[in-house]
Amino acid sequence: MSDQILFIVDKLNQEPFRKNYNLITFDSLGSTQLLQLLSDVLGEIDPKHAVDIREELPEQTAKRMLNLLGILKYKPPGSVSDLSAFRQGLVTGSKPVIHPLLHWLLQRTNELKKRAYLARFLVKLEVPAEFLHDDTVADINKQYEELMEAFKNLHKECEQLKTSGLSTAEIRRDIDAMEEEKDQLVKRVERLKKRVETVQNHPRILEIARQLRVEKEREESLAQQKQEQKNQLFLAEQRLQRAQLQLKEMLHAVVDSKPESLMKKLEEEINFNTYLVTEKLPRELESKKNSTYILQKVAAEPAMSQSDLNVLESKINEVNAQVNQLIEKRMLKYEPADSKFSMYRQQASIMSRKKEAKAEQLQAAKEELSSVEKQMQQKNSQAHELEGSEVLKGDELKHYVNKLRSKSTFYKKKRLEIAEITAEYGVLQRTEELLKQRHEAIQQQLQAIEDKKGISGYSYTQEELERVSAVKSEMDEMKGRTLDNMSEMVKKLNSMVSEKKASLAPVIRELRQLRQKCQELTQECDEKKMQYNSCAAGLESNRSALEQEVKGLLEESLQEESNYHYINCVKRNLEIQLQRAKEEMKAYVSSDPQERRKAVREQYTRMILEQENLGKKLREKQKVVRESHGPNMKQMKMWQDFEQLMQCKRECFLKQQTQTAIGQVIQEGGKDRLVL
């Protein structure tokens with residue numbers, strides 16, 4: 001509950017509410033303030049509900065909120081019996097009702113906005129059937145339903161266009177970025193062209209660089225084709241090896257087997273599959289169907305509390321106890337103690353359980369075998385990827401060992417050659433050191449001679465000139481390579497830009513078509529919406545006028561009918577009273593004693609005498625009851641205590657009998673397990 005309130009306060013403090021609540025201020029809100037807050041949230045979802053609840057009656061507020069919650073498909077927590085409590089809590093602004101409702105609304109505001117918007121156009125007006133006999137009303141209702149279906153289709157197309165992933169803003173940004181990159185590349189190309197124009201024979205160099213790039217691309221494509229062909233060859237070799245292995249296994253199986261063994265194996269497989277199809281699988285399917293039906297039934301029922309679960313558990317225990325008692329009675333009634341059917345039935349049940357267990361073990365073994373075979377294939381493929389071939393066996397392994405031995409001898413020869421080359425390298429290194437020493441001595445002698453001749457530094461200058469010329473040649477070569485690389489990069493970028501344009505051209509064309517279609521659909525949607533609103537307004541006004549007229553006529557008809565029935569009743573009562581008066585006068589005036597006894601006066605006189613006699617008898621009986629009231633109450637209390645005592649004894653007896661039956665069932669289950 002605290003997490004729920006934190007979420008509500010956090011959402012209410014954000015846009016568009018900005019209530020600046022904390023937990024204390026939110027918890028201190030009264031019922032009217034909570035209802036106003038709920039009305040504000042509903043008004044954010046549907047603007048028609050943004051009203052001040054002080055300007056309307058509580059019944060109108062509750063009715064308005066319940067209608068919108070029904071459209072939004074809100075299900076109150078609890079069972080169906082709690083709906084009246086939910087309505088009462090919504091009217092009074094109860095916190096246990098308002099808080100979960102606010103949490104549910106704020107969790108999915110965007111979704112509920114969309115649902116409320118669609119409900120304005122998709123909640124169908126129910127026209128009474130007697131009005132649909134009118135051709136005009138029927139045509140308007142049909143047109144209204146067609147407009148509703150058209151709105152559904154247009155809304156679906158609009159949602160598909162929104163979720164299609166084609167964002168015009170992103171495409172424009174990509175195009176602008178590519179245009180900027182193109183401008184930068186054009187500027188760089190122009191600068192490079194200006195630099196290249198100063199180099200001698202630059203057209204020929206550019207042509208050679210272009211040819212080199214073409215040959216490199218061709219080399220890459222050929223290398224890719226070569227790799228694809230290698231992969232295809234590798235896959236073909238793998239398929240060939242697997243086919244050869246399967247052929248060997250099949251030949252080996254055919255050589256070692258006989259027709260009788262093959263037939264026996266096939267019969268075993270057929271028997272096993274027949275058992276699975278006819279007995280095991282139908283039984284499992286039936287159990288699955290029963291469990292599915294039970295689960296569906298449980299899911300369809302309302303949520304139960306812990307007390308309901310406890311009551312159900314107690315009922316289940318009582319029913320199980322009754323079932324056990326009935327089973328025991330049936331066994332005692334239909335199976336005598338010396339009957340052998342129980343033993344045979346027990347053995348049959350044991351054999352069926354063993355058969356089911358063996359079938360499950362066999363099926364598990366088959367599944368394990370298939371998984372092991374899959375793992376073996378995976379390991380073979382991994383070994384092939386690592387080693388370059390599958391695991392070798394037999395003659396192939398011997399051939400591979402001989403090949404390794406020849407390679408080891410070749411490796412030893414090469415190792416000896418490397419040792420000889422290493423020794424020769426040491427000799428050459430020593431020779432280089434001696435030559436460097438001799439070069440330094442000659443340089444000193446040359447410098448001394450240059451000093452004597454007066455041309456000191458001539459050899460150093462000559463070396464510097466040679467070094468500078470070498471550096472210049474290297475720089476020229478690097479410039480040529482740089483120009484080639486830059487021209488190649490420019491070409492690649494131009495090709496990328498052209499490819500992007502070519503790939504985006506159909507998208508842009510499709511986007512233009514879709515934009516035009518969207519505009520047309522929007523206009524059509526607005527027109528249809530206006531038609532719908534006008535049609536709905538006309539139908540609503542006609543319906544209200546007809547309803548008022550029908551209501552007035554119904555009230556008038558009911559009033560006249562009630563007056564008619566009232567007059568008939570009064571008339572009949574008067575006729576009955578007049579008839580009774582005539583009969584009374586006739587009986588009272590008659591000279592016959594029998595007729596006079598039928599008179600009402602005589603009857604009432606007799607009834608008065610009877611009631612007086614009955615009153616005397618009752619008073620005497622009351623006197624007797626008062627005298628015996630105390631002893632009778634004491635005796636009744638004793639009988640109640642005696643009844644409670646007998647009820648307690650009955651419950652103890654039933655509990656002891658239930659425990660005895662459960663113990664017998666447990667002992668029989670233990671005996672079955674011991675037999676297994």
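**An aromatic pair and a helix crossing**

F642 has a relative accessibility of 44%, so this residue counts as partly exposed (buried is under 20% relative accessible area, exposed over 50%, partly exposed in between, with a 1.4 Å probe and protein chains only). W639, at 54%, counts as exposed. Before we go on, a word on the model: it is predicted, with local features needing pLDDT of at least 70 and side-chain atom pairs pLDDT 80 or more, while totals for chains, interfaces and linings use all residues. Residues are numbered from 1 along each chain as its sequence is written, and side-chain values use heavy atoms, leaving out hydrogens and water.

Both W639 and F642 sit in helix α17 (residues 600–675), 3 residues apart, or about one turn of the helix. Helices here are DSSP runs of H or I with at least four residues, numbered from the N terminus. Rings of Phe, Tyr and Trp (its six-membered ring) pair if their centres lie within 6.5 Å, and the count comes to 4 aromatic pairs. In W639 and F642 the ring centres are 5.9 Å apart and the planes meet at 85°, so the pair is edge-to-face (planes over 60 degrees apart; under 30 is stacked, the rest tilted).

Now turn to helices α4 (residues 58–71) and α5 (residues 83–92), whose axes come within 10 Å and cross at roughly 125°. Axes are lines fitted to C-alpha atoms over the stretch in contact, with angles from 0 to 180 degrees between N-to-C directions. That angle makes α4 oblique to α5 (under 35 degrees is roughly parallel, over 145 roughly antiparallel, 65 to 115 roughly perpendicular, the rest oblique). Contact, meaning heavy atoms within 4.5 Å, involves A62, M65, L66 and L69 of α4 and F86, R87, L90 and V91 of α5.

Conventions: Helix = DSSP H or I, 4+ residues; strand = E, 2+ residues; numbered from the N terminus.
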